Amino acid sequence: MAADQTVHVVPPSLSAKVVGSFAYLTVKDRLPTILTKVIDTIHRNKNKFFEEYGEEGIQAEKQTISLLSKLRNELQTDKPVLTLVDELGDTESWNQYLQRQQRLQEDEEPVSWFKSPWLYVECYMYRKIQEALWLNPPISDYDVFNEGKTQSFFESQQAVMALCTHVEGVKKTIEDLPENLLGEHFNKLLLVSLWGNKCDLSISAGMDNSQKTSPIESLISLQPFILVDDSNMVWSTLLAAQRRVQAGKTTSSRVDIILDNAGFELVTDLVLADFLVSSGLACEIHFHGKCFPWFVSDVTANDFQWTIKQTMAANHRWMSKSGVQWQSYVKAGVWSYHDHPFWTQPNEFCDMAADAPDLYATLQKADLVLFKGDLNYRKLTGDRDWEHTVGFESALRGFGPAPLCSLRTLKANVQVGLQPGQGKKLSAQDPDWMTNGKYAVIQFYGLNSEQ
């Protein structure tokens with residue numbers, strides 16, 4: 001474990017204020033690129049809107065593009081962030097959060113794109129995309145990111161087939177496997193789910209980022225790039241939960257997975273969940289996704305259902321068998337999908353107990369919570385300028401509804417829990433190590449997990 005430093009002062013939020021930083025380059029270049037692609041996607045589909053909704057659809061397309069063009073201009077010229085006006089269920093909490101940010105601003109400057117926390121303004125952009133659509137029925141429910149997500153799934157077909165073939169082979173003998181071999185299979189699928197997180201369309205600004213090769217065969221070559229590996233603690237937590245069920249101390253063991261990307265990554269999460277249930281390591285899996293399209297490739301309820309249906313319909317024996325099994329888990333209530341609005345808000349997770357106590361209480365029912373991906377890591381650690389040697393537990397700042405693990409490939413310049421000197425060595429070897437998606441962490445927090 002990393003040598004934890006006692007934290008007396010919470011460091012500042014990462015921000016585009018620092019010219020040349022990854023946050024600055026994201027706000028300056030990547031976010032406008034994503035907005036331009038959204039505008040292009042809506043414009044390319046104007047004939048579809050006309051066929052479905054007539055002249056009303058064309059007007060909605062024009063007005064949505066007008067709002068998004070205005071948003072892009074405000075972003076690029078560092079204009080003040082504006083309140084939301086769409087009067088949806090989360091509008092008030094977003095506007096209250098803006099007021100909270102305003103109180104934190106130095107010299108009473110207005111909250112703006114380049115001067116305010118990167119986490120906040122990036123989340124705000126995706127919420128404003130939804131506002132532009134919601135203010136313009138009948139295209140309010142249109143998913144501007146759907147094309148990229150479906151393309152990512154179809155272009156990863158060979159990898160999906162290889163993965164489903166592998167897990168169906170494991171499941172044939174799963175009941176007879178000794179604990180050590182079961183642990184080896186679990187570790188492989190945990191690593192596949194970890195590296196599946198490389199397929200993130202918001203980082204590539206929507207460019208092709210699908211998985212082309214067999215994920216199992218890549219694992220050995222990727223092992224040196226895992227900077228923190230707490231997978232043994234994850235395994236111990238699952239075994240302890242299973243033993244409590246076997247001893248009759250509890251009726252069920254539960255794993256919650258906080259999802260990140262659709263496409264290949266979601267398949268890796270479903271395969272891991274299938275293994276957990278088939279092996280008896282978990283009795284129920286609760287998936288948590290987003291209630292509207294978010295960060296280009298994040299999973300929505302529609303993506304979750306669509307992926308299972310596509311896997312069922314595949315012209316491949318083991319892939320379709322996996323899909324049928326997944327659908328049966330959903331029907332039986334062994335798997336369930338949830339999309340609390342907190343996941344599409346800009347809050348750090350240390351705010352959850354106060355700002356979304358119902359969600360916090362839900363996660364407290366889990367024996368293990370797996371947080372997938374970079375945005376979840378940024379929210380777990382507050383997206384702050386932490387020293388690399390600060391312990392993961394310290395950076396969580398009191399967040400801990402249940403034993404939890406972050407499975408993350410690094411795509412933002414926040415990383416805690418490293419050994420002394422490890423960050424400096426990485427910076428010398430590879431200056432972009434925190435943002436190029438080459439490195440990964442499996443970081444666990446549970447009671448007494450940090451010595």
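How much space lies in the largest pocket? I looked this up first. The model is predicted, and its largest pocket holds about 850 Å³ of space.

**Entry: pocket lining**

I listed the lining next. It counts 42 residues. Nearest the centre of the pocket I found Pro12, Ser13, Leu14, Arg384 and Asp385. Then I checked which elements give two or more residues to this lining: they are α4 (91-104), α5 (118-134) and α18 (422-429). Of the elements, α4 gives the most, with four residues. I also sorted the lining by residue class. It splits into 15 nonpolar, 15 polar and twelve charged residues.

**Entry: strand β3**

I turned to β3, residues 284-288. Is this strand mostly covered or mostly open? It is mostly covered, as four of its five residues are buried. I took buried to mean under 20% relative accessible area.

**Entry: partners of β3**

Which strands pair with β3? I found β2, residues 254-258, running parallel to β3 and joined to it by five bridges. Across this pairing, arginine 254 stands opposite glutamate 284 of β3. I then looked at strand β4, residues 335-338. It pairs with β3 in the parallel sense too, over four bridges. Here histidine 288 has histidine 338 in β4 as its bridge partner.

**Entry: crossover**

I followed the chain between β2 and β3. Helix α11, residues 264-278, belongs with these two strands to a β-α-β unit. I noted its hand: the unit is right-handed.

Key:
Residues are numbered from 1 along each chain as its sequence is written. This is a predicted model: local features need pLDDT of at least 70, side-chain atom pairs count only at pLDDT 80 or more; totals for chains, interfaces and linings use all residues. Side-chain values use heavy atoms; hydrogens and water are left out. On a 1 Å grid over the protein atoms alone, a cavity is a set of points where a 1.4 Å probe fits but cannot get out, and a pocket is an open set with protein on both sides within 12 Å along at least five of seven lines; lining residues have an atom within 4 Å of a point. Grid points are joined across faces, edges and corners, and a volume is the space filled by probe spheres set on the points. Ala, Val, Leu, Ile, Met, Phe, Trp, Tyr, Cys and Pro count as nonpolar, Asp, Glu, Lys and Arg as charged, and the others, Gly among them, as polar. Buried means under 20% relative accessible area, exposed over 50%, partly exposed in between (1.4 Å probe, protein chains only). Two strands pair if DSSP finds at least two bridges between them. A crossover is right-handed if, with the strands pointing away from the viewer, the path from the first strand over the helix to the second runs clockwise.
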